[in-house]
Structures are given as C-alpha cells and as structure tokens.
Amino acid sequence: MSTAQFVRPARSGDVERIVDLQVASWKALYGPLLPEGVSAEMGSAEARKNFTEQWESALGSPPTSKHRLVVATDEVDGVRTVTGFAALGPAGDPDLWPATDAEVFALHVDPERTRQGHGSRLVNACVDHLSEDGFSTVHVWAAEQENALRSFFESAGWRPDGARREIDLGPLLPMVRLHAAVPAT
C-alpha cells in the first residue's frame with residue numbers, strides 16, 4: 001500500500017475517471033445480478049455521456065452547499081491516479097429529514113484496487129464532512145443480495161433500517177437502506 005493515498009474534493013478534470021470507475025464498479029459489484037444487456041449498456045457511449053453530464057452538474061452546480069463529490073487518489077506507477085469516489089449530501093428519501101439525515105449517493109472504488117483502504121478513506125472523509133455539516137445519521141442504498149458493497153458497509157457497523165426499494169433494470173433489483181450514526185464534532 002502506498003503512503004501517498006488521500007481523499008480530496010473532486011475537480012472537473014476528474015469526471016472522465018469518475019465515469020470510468022462508476023461503470024467498472026457497477027459491473028464488478030452488480031454484474032452477476034444484472035441482465036447481460038443492462039451491464040453492456042452501462043458502458044455505451046450514450047450512458048457514458050449521461051453519467052458525464054450528471055457528474056459535471058454535481059460539481060458545477062450542486063443542489064445545496066452540503067452536497068459533495070470527493071475522490072480517493074493514490075500514486076500508481078509514479079502517477080497520481082483517482083482510485084475511487086463518493087457523492088454525499090442531504091438525504092432525499094421522503095421518510096428522512098434532510099436537515100439531520102444524510103446519504104452517501106455513490107461510493108465506488110476501482111475494482112482492481114479494492115481492499116487497499118480507498119473505500120474506508122472515502123467513508124471517513126464523508127463522515128468528516130457530514131459531521132461538520134451537522135448531520136446525525138447517514139444512509140446508503142445497497143443491493144439486498146449479498147455483495148461486496150453491502151458487506152463493506154456492514155463490516156463498518158452500518159445496519160439495515162428497514163427501508164426497501166426495487167430498481168427496475170428489466171428484472172427488479174431489490175435494495176436495502178443501511179444507516180449509521182454520524183459522530184458530532
């Protein structure tokens with residue numbers, strides 16, 4: 001593991017890499033749970049264009065001052081490389097209060113660089129931001145079926161809060177909402 005790993009705010013020059021990581025991570029995490037066509041479509045030019053616009057908008061005009069996009073970086077073959085990212089902000093679910101409830105909307109790490117501390121550093125950075133912004137609880141949606149992302153959050157103490165939803169990807173993908181307390185500063 002490198003001693004040059006850190007988390008910083010995302011920059012516009014990171015967007016292409018963020019899209020690459022989003023697609024690769026989704027395929028690695030959820031590939032076995034998705035129909036083959038959906039998995040292939042995620043990397044299409046149209047999907048990449050939509051993802052790029054989404055992340056450029058998140059950086060250029062976030063919905064609130066408490067919405068953030070952060071990246072994990074590392075030295076890879078002597079080059080500073082974005083190895084993962086997280087998007088966070090006030091929770092949007094109708095049963096949550098966005099003044100105290102936050103959400104990690106996305107957390108993705110390069111599938112070739114998992115288990116190197118990038119995800120943990122991203123979560124810690126998210127919690128630091130959320131604590132500074134006065135949130136008391138943080139939530140994240142994960143596939144209900146056993147998968148690496150859900151296991152990662154549960155191993156860090158996050159627990160299901162009883163909320164469920166389904167994402168329509170052809171077949172329905174059941175999701176569960178996990179939560180954890182945000183320590184006060």
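## Strands, a helix and a core

Strand 2 and strand 3 pair in the antiparallel sense, with nine bridges between them. The model is a predicted one. Glutamate 75 has arginine 80 in strand 3 as its bridge partner. Two residues lie between the strands of this hairpin, and aspartate 77 takes a positive phi there, near 55°.

Strand 2 covers residues 68-76. Seven of its nine residues are buried, so strand 2 is largely enclosed by the rest of the structure. Strand 2 also pairs with strand 1 (residues 6-9), again in the antiparallel sense, over four bridges. Phenylalanine 6 stands opposite threonine 73 of strand 2.

### Threonine 83

Strand 3 spans residues 79-90 and holds threonine 83. Is threonine 83 buried or exposed? Its relative accessible area is 0%, so threonine 83 counts as buried. Its side chain makes a polar contact of 3.1 Å with the side chain of histidine 118. Setting aside residues up to four places away in sequence, threonine 83 touches Leu21, Ala72, Thr73, Asp74, Val109, Asp110, Arg113 and His118.

How many residues of strand 5 (residues 137-143) are buried? Seven of its seven are, and the strand is mostly covered. Both faces are covered. On one side, Thr137, His139, Trp141 and Ala143 are buried.

Strand 4 (residues 101-109) runs parallel to strand 5, and three bridges join the two. Aspartate 101 stands opposite threonine 137 of strand 5.

### Two residues compared

Methionine 175 sits in strand 7, and phenylalanine 105 sits in strand 4.

| Residue | Relative accessible area | State |
|---|---|---|
| Threonine 83 | 0% | buried |
| Methionine 175 | 4% | buried |
| Phenylalanine 105 | 39% | partly exposed |

Methionine 175 touches Trp141, Ala142, Ala143, Glu144, Ala163, Arg164, Arg165 and Ile167, not counting residues up to four places away in sequence. One of these, glutamate 144, is 31 residues away along the chain, yet the two C-alpha atoms are separated by 4.7 Å.

Phenylalanine 105 is in contact with His67, Ala87, Leu88, Gly89 and Pro90, leaving aside its neighbours within four places in sequence. Phenylalanine 105 and arginine 8 are 97 residues apart in sequence, and their C-alpha atoms are 17 Å apart in space.

### Helix 5

Which residues of helix 5 (residues 148-155) are buried? They are Leu149, Arg150 and Phe153. These three cover an arc of only 100° around the axis, which puts them on the same side of helix 5. An α-helix has 3.6 residues a turn, so residues three or four places apart point the same way. Ala148 and Ser155, on the other side of helix 5, are exposed.

What covers the buried residues of helix 5? The cover includes helix 1 (15-30), helix 4, strand 4, strand 5, strand 6 (159-168) and strand 7.

At the start of helix 5, a side-chain oxygen of asparagine 147 comes within 3.0 Å of the backbone nitrogen of leucine 149. Glycine 157 follows helix 5, and its phi is positive, near 100°.

### The nonpolar core

The largest nonpolar core has 50 residues. Which of them touch the most other members? They are Trp55, Phe85, Leu107, Val138, Phe153 and Trp158. Helix 1 gives the most to this core, with eight residues. In soluble globular proteins, nonpolar side chains tend to be buried together.

Leucine 107 shows which neighbours such a residue can have. Leaving aside neighbours within four places in sequence, leucine 107 is in contact with Phe85, Ala86, Gly119, Leu122, Val123, Leu149, Phe152 and Phe153. Among them, Leu149 and Phe153 are also buried residues of helix 5.

Conventions
Residues numbered from 1 in each chain as written. Predicted model: local features only at pLDDT ≥ 70, side-chain atom pairs only at ≥ 80, totals over all residues. Heavy atoms only, no water. Buried < 20%, exposed > 50% of the residue type's maximum accessible area, 1.4 Å probe, protein only. Pairing = 2+ DSSP bridges. Arc of directions from axis to C-beta. Contact = heavy atoms within 4.5 Å. Polar contact = N/O pair within 3.5 Å; in protein donor to acceptor, adjacent residues only side chain to side chain. Core = buried A, V, L, I, M, F, W, Y, C linked by side-chain atoms within 4.5 Å.
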